[in-house]
Amino acid sequence: MDKTGGEKLCWNEKQDHGECDATTSSYSIDYKLLATKSSLQAKRETSGSITKMADGCIAFGIGRLPEGEKFTYIRTAAALREYSLEGLEKISADSKDNVEKNVYVILKNIKTKKNLLLFYPYTMSFSEPHTFKDGCKSIEDAFNEDLNQIRLYRERNVPGFETYICTIYENKLLIFENDGKHWVLRDSIDMMSSKIYKDLYYSYGNNGFNY
């Protein structure tokens, strides 16, 4: 609330002229996905479908990918960690390389000349037990290792705008800010504090919320 002077951000229904997704009288921010196009397509093809047949009647179906077939996709963090800042600058829209074509879509979003909240659409988890505090620190360290170059890329190409990354961990939305040197965890918000998320969760169950 410090950024908005105490005002709540309001969703901007009309965006005909490139308005930000959420605004107050003095602050605005845009939302973008931080994911490769192929990973989003893989999620869509392999996830079950949810269809509202009528009021009170919800149908759940299997994924669209035929049984036995595999879907190859570019992992977001794995792709980004391979590039230096100079390497990212060399990626062009007409690249024929499949990895570069996926990364280019991310870079196009990163260059948006607005304050940005980038949603990393995966639920973070660990194979070994972690306390919530240790888990958050591990995720912060991973972001600074894997996503540092896109932080620098945005600073170079779109200076003067704020940048945040959010992801899901232990049913909380973690929000990280670029403080000019690192990604730093600023807040964790209970997912159930979102009325829209809560309504979807209790209407459709946990289907579609695990990444």
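**Close-up 1. Antiparallel pairing of strands S7 and S8 in the predicted model.** Strand S7 (residues 163-169) and strand S8 (residues 172-178) run antiparallel and are joined by six bridges. Within this pairing, Tyr 164 is placed opposite Glu 177 of S8.

**Close-up 2. The open sheet and its edge strands.** The sheet is built from seven strands, with mixed pairing, in the order S1-S2-S3-S6-S7-S8-S9. Its edges are formed by strand S1 (10-11) and strand S9 (183-190), each of which pairs on one side only. Strands of a sheet pair through backbone hydrogen bonds, and the arrangement may be parallel or antiparallel.

**Close-up 3. Ala 35 in the loop between strand S3 and helix H1.** The loop that holds Ala 35 lies between strand S3 (28-33) and helix H1 (37-46). Ala 35 counts as buried because its relative accessibility is 6%, and buried means under 20%. Ala 35 and Lys 14 are separated by 21 residues in sequence; in space, the C-alpha to C-alpha distance between Ala 35 and Lys 14 is 25 Å.

**Close-up 4. A patch of positive charge on the surface.** Four residues gather in this patch: Lys 37, Arg 44, Lys 96 and Lys 101. Of these residues, Lys 101 is found in helix H4 (residues 98-110). The relative accessibility of Lys 101 is 43%, so this residue counts as partly exposed; that class lies between the buried limit of under 20% and the exposed limit of over 50%.

Notes
Residues numbered from 1 in each chain as written. Predicted model: local features only at pLDDT ≥ 70, side-chain atom pairs only at ≥ 80, totals over all residues. Heavy atoms only, no water. Patch = residues over 30% accessible without salt bridge, like charges linked within 9 Å, V, L, I, M, F, W, Y side chains within 5 Å. Areas by Shrake-Rupley, 256 points an atom, 1.4 Å probe, with all protein chains shown as cover. Salt bridge = Lys/Arg side-chain N within 4 Å of Asp/Glu carboxyl O. Lys, Arg positive; Asp, Glu negative; His and termini not counted. Charge placed at Lys NZ, Arg CZ, Asp CG, Glu CD. Helix = DSSP H or I, 4+ residues; strand = E, 2+ residues; numbered from the N terminus. Buried < 20%, exposed > 50% of the residue type's maximum accessible area, 1.4 Å probe, protein only. Pairing = 2+ DSSP bridges.
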